[in-house]
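Welcome! Take a moment to look over the sequence and the 3D view, and then let us walk through them together.

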Amino acid sequence: MKHVLLSSVAVATLMAGAASAETVRVYNWSDYIDESLLEKFEEETGIELVYDVFDSNEMLETKMLSGGSGYDVVVPTGTFLQRQITAGAFQPLDTSKLPNLENMWDVVSSRTEQYDPDNAHSINYMWGTTGIGVNLGKVKEALGEDAPVDSWDLVFDPANMEKLADCGVHFLDAPAEMIPAALNYIGEDPNSHDPDVIAKAEGVFMPIRPYIQKFHSSEYINALANGDVCVAVGWSGDILQARDRAAEADNGVEVAYNAPSEGAQMWFDQMAIPVDAPNPEGAHKFLNFIMDAENMAAASNYVYYANGNKASQEHLVEDVIGDPAIYPSEAALDNLFTTTPYPPKVQRVVTRLWTKIKSGT
């Protein structure tokens with residue numbers, strides 16, 4: 001009997017070991033998934049999911065480039081992904097373990113190849129634009145009925161910003177998004193890597209700096225929804241989430257999003273497996289799960305971002321697939337620009353400039 005008992009304990013120990021080994025650790029952006037999908041993955045696979053969140057590419061990159069992040073799946077934006085692939089931070093995907101790759105959309109995958117040749121290391125999770133969210137009532141109260149809500153003039157013209165300061169303006173704390181927007185506004189190449197061109201962004205930001213209440217990359221969602229700020233430069237789906245939270249709260253706040261008419265940045269968030277992932281097998285199972293058409297649709301229907309999965313489109317709600325702020329028309333797509341990663345020396349220039357802009361000195 002004792003022998004049997006010992007065997008049972010040994011089996012229990014082995015099972016506990018197996019259970020602890022079968023964990024997948026995912027590091028994704030905040031407010032970026034329907035959390036019921038996390039439970040569904042655990043139920044379908046028996047794998048325990050550890051899901052952590054971040055709100056800036058810089059935060060993720062610090063973890064990735066220092067090595068030993070401990071994560072199996074991470075979600076960098078394309079420009080950061082490209083630099084991290086060059087640094088050897090990701091392992092190539094084993095496509096034999098990803099049958100749902102056939103669901104992906106060539107319109108998106110052809111664009112993401114500029115960051116990840118042949119899409120060898122990543123799959124597209126979501127994509128969107130960087131633009132302007134407004135509280136329509138407050139902005140029109142401050143600037144009049146013809147307020148330029150679909151133009152970068154709204155936030156880059158000091159005369160407008162001075163009037164908007166009282167109702168609150170937030171900017172993304174994301175130099176790789178904000179500096180290209182400023183360069184595009186003054187007619188420069190938003191993808192410039194020339195330090196002399198990049199320096200011109202200072203002339204756009206410094207005159208408006210006194211009127212920017214905060215630089216942050218996630219707080220603006222609730223701030224817009226609650227009516228605490230009237231303008232936020234942010235990511236399309238985040239602002240549309242704010243719009244819907246305000247509508248659900250029925251608090252009299254009407255939020256609108258625009259990708260400005262002068263051009264806006266199109267970005268791609270990619271799921272990839274770190275080179276030192278503890279459980280690459282489980283990571284592939286997670287990626288394949290996400291690429292299931294219904295699962296991907298559930299994620300987009302929840303977060304109000306477009307995805308790179310063609311098969312998911314038949315499962316998208318009309319509020320998502322039919323909204324040109326989420327799935328732009330072909331003409332609007334042509335007006336969007338993409339950027340490529342700054343080389344290390346240029347990145348240091350950008351970081352110093354951004355620190356100076358944020359401090360206002």
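An axis here is a line fitted to the C-alpha atoms of a helix over the stretch in contact, and the angle between two axes runs from 0 to 180 degrees between the N-to-C directions. With that in hand, we can turn to the helices of this predicted model.

Two packed helices are described by the angle between their axes and the distance between the axes.

| Helix pair | Axes come within | Crossing angle |
|---|---|---|
| α9 (residues 175–185) and α18 (residues 344–359) | 11 Å | roughly 85 degrees |
| α3 (residues 57–66) and α4 (residues 78–86) | 11 Å | roughly 10 degrees |
| α2 (residues 36–45) and α14 (residues 280–290) | 11 Å | roughly 125 degrees |

On the α9 side the contact is made by Pro175, Met178 and Ile179, and on the α18 side by Val350, Leu353 and Trp354. Sorted by class, this contact has six nonpolar residues, with no polar and no charged ones.

Next come α3 and α4, whose axes cross at roughly 10 degrees. That angle makes α3 roughly parallel to α4. From α3, the residues Asn57, Glu58, Glu61, Met64 and Leu65 meet Phe80, Arg83 and Gln84 of α4.

What about α2 and α14? Their axes cross at roughly 125 degrees, which makes α2 oblique to α14. The crossing of α2 past α14 is right-handed. Leu37, Lys40, Phe41 and Glu44 of α2 touch Gly282, Lys285, Phe286 and Phe289 of α14. By class, the contact of α2 with α14 holds four nonpolar residues, one polar and three charged.

**A link between cysteines**

How many disulfides does the structure hold? There is one disulfide, and it joins Cys167 to Cys230, with 2.0 Å from S to S. The link of Cys167 and Cys230 is right-handed, with 60 degrees about the S-S bond. This pair connects distant parts of the chain, 63 residues apart. Cys167 lies in the loop between α8 (158–164) and β5 (169–171), while Cys230 sits in the loop between α12 (220–226) and β7 (231–235).

**How confident is the prediction?**

For the chain, the mean pLDDT is 92, and 94% of the residues reach 70 or more. Over residues 1–20, however, the pLDDT is below 50. Beyond near neighbours in sequence, that stretch has zero contacts in the model. Where pLDDT is low, the predicted coordinates should not be read in detail.

Note on methods:
Residues are numbered from 1 along each chain as its sequence is written. This is a predicted model: local features need pLDDT of at least 70, side-chain atom pairs count only at pLDDT 80 or more; totals for chains, interfaces and linings use all residues. Side-chain values use heavy atoms; hydrogens and water are left out. Helices (H or I, at least four residues) and strands (E, at least two) are DSSP runs, numbered from the N terminus. Angles under 35 degrees count as roughly parallel, over 145 as roughly antiparallel, 65 to 115 as roughly perpendicular and the rest as oblique. A crossing is left-handed if the near helix is turned anticlockwise from the far one by less than a right angle, and right-handed if clockwise. Contact means heavy atoms within 4.5 Å. Ala, Val, Leu, Ile, Met, Phe, Trp, Tyr, Cys and Pro count as nonpolar, Asp, Glu, Lys and Arg as charged, and the others, Gly among them, as polar. pLDDT is the predictor's confidence in each residue, from 0 to 100. A disulfide is a pair of cysteine sulfur atoms within 2.5 Å.
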